[in-house]
Amino acid sequence: MPLIRRGHEKNADSSSSEATKASRRRKILPFLFLLPMLIFICFSWISPVILTIYLSFTDLSIKNLLKFNVKYTLENFEKIFLVEDPYIPEVLKITVFYVASVLSINVVYALILSVAIAYLVKNEILSMILRLSWLLPRITPGIIYALLWIWFIDPTAGMLNKLLMLAGVPKSWLPSSWLLDKPYAQLLLVIVNGYVGASFGMIIYTAAIKSIPPDLINAALVDGATDFQVVRRVIIPLLKWPILFVTAWQTLSLMASYEYILMIWGAGGGGGYAGVARAAGVMVWSLYSYTKAFAEYQYGYAAAISMVLVVIGIILIMIYFRVFGFRRLMAPSRVEV
C-alpha cells in the first residue's frame, strides 16, 4: 500500500509540474508572437522619444555636432517660455488657428457628411460613390495631392480664379497669389488639410453608423420620429466613442503634421521653404521645429520645440478623456445579453 501511494503521489507531482509548464508556455507564447512588434516599437517610437528628451536639454547644433562638445542646458526652454525667440508667439498663434479650424472640419463636418451619406442617402450605390469621392484625397499620394492644389490655385493656368469669376466674384477681389497673400494663404491652408482630413473622420463615422442595429432606427421611425430626430436622438448619442477617437487622433495628427504645408509652400522662392512659409503666415509649430533642425541645424532647440508639442498633446488628450467620460465609455455594459 505505501508503494502504491508513493506511485500515485509521483504521478500527481509529475502531472502538476506538466500543468505548470503548460501554463507558463501559454503565458509566454503571446509575448513571443508580439516580440517583433515590440522590438519595432522600441526602435521606432520609444528610442526616438528618449533621444528627443535628451537632445532638448542640450545645445547640440551643427557647430558642435562633430566635436562631441555638447553641454546640458535649459536655454532652449528659456527661449520658448521667456519668448527670447521673437517668432514663437506668431508660430503659436498660427498653430492654434490651424488646429482649431481644421479640427472642426475633420470632426464636425465629417460627422455631418457621414450622417448624410450613410443614413439620409437611401440609395446604396449613390452612397458608395459619394464615400469614394471623399476617399480619393486620402488614397492619393501626398505629392500628387499637393501638385494638384498648386495647379488649381495658379492665377494664370489654374481653375480656381476662373471659377470664382464665373460665379460673379470681381477680378479685383482675387489675390495675386493664393500661396503668399494673407489671409488667402491661411484659408488655403485650412481647406487643403481639412479636405483630406475629413475623409478619415468620414470612414470612422460611416462604419459606426452602419454598425448601429437597424431595429433601433426602425423602432424610432415607428414611433413617429423624423429623420432629424433619429439622427439627433439615436445616431449621434451612439457615436460618442468614435467622436472621441476622431477628435483625439486628429488633434495629435494636426499638431504633428506639416507635410502638405511643406510640399505646397516649399516649392521655392526667397529664403527657401522656411521663408515662403513665414511670408505666407503658414508656419505651424511642427514645421518650425523641422525648420530649426534641418534648415538652421539647431538640433537641441528643435527637440525642445517638439517636447512642448508633446506635452500640450498629452494635456489635450486628458481633457478629451474627461469631457467625453472615458471611464464610463470603457466600463462594461449593464445590459445583459
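The structure is a predicted model, so local features are given only at pLDDT of at least 70 and side-chain atom pairs only at pLDDT 80 or more, while totals for chains, interfaces and linings use all residues. Residues are numbered from 1 along each chain as its sequence is written, and side-chain values use heavy atoms, with hydrogens and water left out.

**Overall make-up**

- The protein has 15 helices and 0 strands; these are DSSP runs (H or I of at least four residues for helices, E of at least two for strands), numbered from the N terminus.
- Of its 337 residues, 35% are buried, where buried means under 20% relative accessible area, exposed means over 50% and partly exposed lies in between, with a 1.4 Å probe and protein chains only.

**The largest pocket**

- The largest pocket holds about 1,100 Å³ of space.
- Its 28 lining residues include Val49, Thr52, Ala256, Ser306 and Val310, which are the closest to the pocket centre.
- Here a pocket is an open set of points on a 1 Å grid over the protein atoms alone, where a 1.4 Å probe fits and protein lies on both sides within 12 Å along at least five of seven lines; lining residues have an atom within 4 Å of a point.
- The volume is the space filled by probe spheres set on the points, and grid points are joined across faces, edges and corners.
- Helices α1 (2-56), α10 (240-256), α13 and α14 each give at least two residues to the lining, and α14 supplies the largest share with 10 residues.
- By class, the lining has 22 nonpolar, 6 polar and no charged residues; Ala, Val, Leu, Ile, Met, Phe, Trp, Tyr, Cys and Pro count as nonpolar, Asp, Glu, Lys and Arg as charged, and the others, Gly among them, as polar.

**Helix α5**

- In α5 (residues 142-152), the buried residues are Tyr145, Ala146 and Trp149.
- These buried residues fall within an arc of 95° seen down the axis of α5, so they line one face of the helix; the arc is taken from the directions from the helix axis to the C-beta atoms.
- As background, an α-helix has 3.6 residues a turn, so residues three or four places apart point the same way.
- The cover over the buried residues of α5 includes α4 (124-139), α7 and α11 (259-265).

**Around Asp59**

- Asp59 sits in the loop between α1 and α2 and counts as partly exposed at 25% relative accessibility.
- Its side chain reaches the backbone nitrogen of Lys71 at 3.0 Å.
- Leaving aside residues up to four places away in sequence, Asp59 touches Asn64, Asn69, Val70, Lys71 and Thr73.

**Backbone points to check**

- Lys182 and Pro183 are joined by a cis peptide bond, with omega about 0°; Pro183 is in the loop between α6 (160-166) and α7 (184-210).
- Val83 is a residue other than glycine with a positive phi, near 55°; Val83 lies in the loop between α2 (75-81) and α3 (88-120) and is partly exposed at 43% relative accessibility.
- Tyr297, also not a glycine, has a positive phi near 60°; Tyr297 belongs to the loop between α13 (285-294) and α14 (299-324) and is partly exposed at 37% relative accessibility.

Terms used. Contact = heavy atoms within 4.5 Å. Polar contact = N/O pair within 3.5 Å; in protein donor to acceptor, adjacent residues only side chain to side chain.
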